[in-house]
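Hello,

Here is the structure I promised to pass on to you. Have a look at it first, and then read my notes below.

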Amino acid sequence: MSHPVLGFLAMNGIETQRTLLPRVEPMAYRVRVIPTRKRRILHRGSAMKTPYGLQVIESCLTCPLIKERIFCDLPRPVTAALDAISSSATYPKNAVLFVEGQDTRGVFVLCNGRVKLSTNSADGKSILVRIAEAGEIVGLAGTLSGKPYELTAEALEPLHANFIPRDLFLRFLREHGEAAVRVAEILSKIYHATLLEVRYLGFSSSATEKLARFLLDLPAVPSQANGHLRATLTLTHKEIGEMIGASRETVTRLFTHFKRERLIEVHGSILIIANKLNLEKLLAG
């Protein structure tokens, strides 16, 4: 059988010598089998690392923090039913979960991270209503009422949350009374947080009084060393200003004044109320 290359050259009048062309051998192929990477199996209490550095639990049933969360510490069958209708996702800092006036889609159960809930005026002014911590549910009021979201939810830090669509969530509450009771407890907590907001904005006549009331309302524990009150403060001056209705510059100035008067001490995120009595004197009688 003639070589195809030689036949082509002969047809085109090109003389060749057989010795000039090497013999073409069939190409040998080696098939390398690459094994499929095994899917990682998460054992109870283990967590998967995410791009944002969060420890994300793949299932509510394996979450090591389940006993610390008001809505998660439910009987195991109820938790399994909740896990079945939840979809897990991670969000970067400043991600917006939903905006004020948006049609309600469902609730977000925060596994890790905090969410800022705020309302905005037409001229761009913002009031920080409250900070939702890990373990809380955001978008609850709108989901229950069927009305649009009443606040804007923005991630203060990278967070992991479980989203539950509205229709599935309502059905879940109808079928599981224990979960409905927990939702009532959460709504009560939100109600009391709203009352604190009314106090800051309504009962305080000056920014000094508003900040003093805000600091005194922080959950604090007595220090064993000197009896001072010790609290954790994770909000920035700008966020505190949005909560009490003052500018960031005003909050910074007042913090400096309070520290100079030795009413408080600030060490990173730790706030020390060194003189509670004098701080209370700043409040209106």
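**Helices that cross**

The axes of α7 and α8 cross at roughly 105° and come within 8 Å of each other. Axes here are lines fitted to C-alpha atoms, for helices over the stretch in contact, and angles run from 0 to 180 degrees between N-to-C directions. Helices and strands are DSSP runs (H or I, at least four residues, for helices; E, at least two, for strands), numbered from the N terminus. On the α7 side, His237, Lys238, Ile240, Gly241 and Ile244 make the contact, and on the α8 side Arg248, Val251, Thr252 and Phe255 do; contact means heavy atoms within 4.5 Å. By class, this contact has four nonpolar, three polar and two charged residues. In that scheme Ala, Val, Leu, Ile, Met, Phe, Trp, Tyr, Cys and Pro count as nonpolar, Asp, Glu, Lys and Arg as charged, and the others, Gly among them, as polar.

Before you go on, please keep in mind that this is a predicted model: local features need pLDDT of at least 70, side-chain atom pairs count only at pLDDT 80 or more, and totals for chains, interfaces and linings use all residues. Residues are numbered from 1 along each chain as its sequence is written, and side-chain values use heavy atoms, with hydrogens and water left out.

α6 also packs against α7, at an angle of about 105° with the axes 10 Å apart, so α6 is roughly perpendicular to α7. Here Lys210, Leu211 and Phe214 in α6 meet Ile240, Met243 and Ile244 in α7. Seven of the ten residues of α6 are buried (buried means under 20% relative accessible area, exposed over 50%, partly exposed in between, with a 1.4 Å probe and protein chains only).

**The cores**

Which residues touch the most other members of the largest nonpolar core? They are Leu211, Phe214, Leu215, Ile240, Phe255, Phe258 and Leu271, out of 24 residues. Such a core is a set of buried Ala, Val, Leu, Ile, Met, Phe, Trp, Tyr and Cys residues joined through side-chain atoms within 4.5 Å. Two or more residues each come from β7 (126–132), α6 (207–216), β12 (229–232), α7 (237–244), α8 (248–260) and β14 (270–273). Another core, of 18 residues, lies apart from it and includes Ala95, Leu97, Tyr149 and Phe163.

**The sheet**

Four strands form an open sheet in the order β3-β10-β5-β8, with antiparallel pairing; two strands pair if DSSP finds at least two bridges between them. β3 (87–91) and β8 (137–138) are at the edges with a single partner strand each, so one side of each has no neighbour in the sheet. β10 is mostly covered, with six of its seven residues buried. Six bridges join β5 (residues 106–112) to β10 (residues 159–165), and five join β3 to β10. His160 in β10 stands opposite Asn112 and also opposite Thr90, while Ala161 is the bridge partner of Leu110.

Helix α4 (residues 166–175) lies across β5 and β10, at about 80° to β10. In the loop between α4 and α5 (177–203) you will find His176. Is His176 buried or exposed? It is buried, with a relative accessible area of 17%. Leaving aside neighbours within four places in sequence, His176 is in contact with Val78 and Ala81.

Best wishes

Key
Angles under 35 degrees count as roughly parallel, over 145 as roughly antiparallel, 65 to 115 as roughly perpendicular and the rest as oblique.
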